[in-house]
Amino acid sequence: MKPRFQRPRPAAPVAPVSRVVTSLTNPLIKDIRALDMRKVRQEAGLFIAEGLKLVADAIEAGWPIRILVHRSGAEFDRSGSNSAQKSREADASFRSEGIGKRYAEDKPMLARAVRATRQAGGEVLEVTGEILEKLSRRDNPQTVIGVFEQRLEKIDSVKIARDQIWIGLDRVRDPGNLGTIIRTADAVGAEGIVLIGDTTDPFGIEAVRATMGSIFNVRLATATPQAFLAWRRSFDGLVVGTHLSGTHDYREVTYAGSPCLLLMGNEQQGLPDDLAAACSHLVKIPMRGQADSLNLAVATGVMLFEIARGQLKLG
Ligand code: SAM
């Protein structure tokens with residue numbers, strides 16, 4: 001069944017009012033749950049982010065939001081019980097009180113997010129804790145979920161300026177690794193990440209969770225290996241590949257003053273020969289214990305902090 005997500009309608013400024021939903025069989029709730037599947041996310045071009053602050057920040061930063069789901073304010077006030085029975089009782093009484101009004105008024109950040117969502121033509125749903133649990137597949141879900149439009153570029157739009165950092169990830173498989181790398185890229189002020197070949201979905205809930213909100217701050221582009229190699233031929237900055245058989249210490253390269261793309265290999269297989277051959281430098285992070293290699297996200301972090309070293313200052 002095709003999801004029924006609607007395109008946003010332009011809306012006049014509105015009061016922060018929510019539509020109350022108490023049933024798991026509500027069609028919109030079913031559609032949001034279906035975003036669990038990669039195919040559905042891709043077809044709809046949507047993804048889920050959780051947490052009031054990061055959802056509110058994303059809306060303020062101009063990310064297109066389609067649906068804002070938040071927990072019933074009155075239910076929330078009643079000590080956060082999330083049993084189904086209590087949720088139903090709460091819903092019955094709150095409906096007569098005008099669900100969410102007080103909560104929205106009491107919580108300025110939520111009220112702003114609600115208003116901004118409606119102004120952008122998005123839906124606002126006020127739901128029970130039980131529904132939030134199902135949407136997030138967690139026992140202690142966040143009180144707010146946002147359904148946003150995905151932003152994914154093609155590699156042709158990637159232009160790297162002097163001192164800018166991009167990361168190329170070859171067939172990254174693990175959503176936790178990808179999310180952690182997006183978060184670390186954000187932390188060092190890297191511009192974006194090119195996902196090369198067949199990778200895990202950056203908009204899957206596990207990857208998005210691991211970004212801790214950084215999914216909204218780092219550009220994402222995709223490329224087939226062939227498209228990446230074609231792009232590389234017209235890029236005259238540094239392409240620094242990391243390889244366990246690299247013979248150069250990663251600290252020997254002068255990164256400052258150049259556009260830089262850091263290229264990281266697949267978790268199991270490392271960089272294939274054609275991508276390794278496309279690098280201007282092939283480096284290794286020295287190790288002295290028994291471990292064969294570093295975890296991909298850890299190795300990326302070590303590299304990023306070295307590349308950005310001159311640009312990172314406390315305070
Ligand atoms: N068995 C794989 C191999 O032979 O390359 C191990 C891959 S490692 C888990 C994943 C990626 O992290 C590597 O492809 C490389 O990009 C990076 N990496 C991990 N440890 C590294 C090290 N000590 N020096 C340079 N890169 C490293």
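Ala, Val, Leu, Ile, Met, Phe, Trp, Tyr, Cys and Pro count as nonpolar here, Asp, Glu, Lys and Arg as charged, and the others, Gly among them, as polar. Keep that in mind for the first stop. The model on your screen is a predicted one.

**Stop 1: the ligand**

Select the ligand and the residues around it. The shell holds 8 nonpolar, 6 polar and 2 charged residues. Of these 16 residues, Thr242, Gly265, Gly270, Leu294 and Ala299 come nearest.

**Stop 2: the sheet of 8 strands**

Now colour the strands in the order S6-S9-S8-S7-S12-S10-S13-S11. They form an open sheet with parallel pairing. Which strands stand at its edges? Select 153-154 for strand S6 and 248-249 for strand S11. Each has a single partner strand, so one side of each is left without a neighbour in the sheet.

Go next to strand S8, residues 192-196. S8 pairs with S9 in the parallel sense, over 5 bridges. Pick leucine 195 and look across to S9: threonine 222 stands opposite.

Then show residues 296-307, helix H13. This helix lies across S7, strand S10 (238-242) and strand S12 (260-264). Helix H13 runs at about 160 degrees to S12.

**Stop 3: the sheet of 5 strands**

Move to the strands in the order S1-S4-S3-S5-S2. This is an open sheet too, with mixed pairing. Its edges are strand S1 (19-21) and strand S2 (46-50). One side of each is left without a neighbour in the sheet, because each has a single partner strand. From one strand to the next, the twist averages 25 degrees.

Select strand S3 (residues 65-71) and strand S5 (residues 144-149). They pair in the antiparallel sense over 5 bridges. Histidine 70 stands opposite valine 144 in S5.

**Stop 4: two loop residues**

Zoom to arginine 171, in the loop between strand S7 (165-170) and helix H9 (175-187). Arginine 171 is not a glycine, yet its phi is positive, about 45 degrees. Is arginine 171 buried or partly exposed? It counts as partly exposed, because 19 C-beta neighbours lie inside 10 Å, and a buried residue has 20 or more.

Finish at methionine 212, in the loop between helix H10 (205-211) and strand S9 (219-223). Its phi is near 50 degrees, a positive value in a residue other than glycine. Methionine 212 is partly exposed, with 15 other C-beta atoms within 10 Å.

Conventions. Residues are numbered from 1 along each chain as its sequence is written. This is a predicted model: local features need pLDDT of at least 70, side-chain atom pairs count only at pLDDT 80 or more; totals for chains, interfaces and linings use all residues. Helices (H or I, at least four residues) and strands (E, at least two) are DSSP runs, numbered from the N terminus. A residue is buried if 20 or more other C-beta atoms lie within 10 Å of its own, exposed if 12 or fewer, and partly exposed in between; C-beta atoms are placed from the backbone. Two strands pair if DSSP finds at least two bridges between them. Two residues are in contact if their C-beta atoms, placed from the backbone, lie within 7 Å. Axes are lines fitted to C-alpha atoms, for helices over the stretch in contact, and angles run from 0 to 180 degrees between N-to-C directions. A residue is near a molecule or strand if its C-beta atom, placed from the backbone, lies within 6 Å of it.
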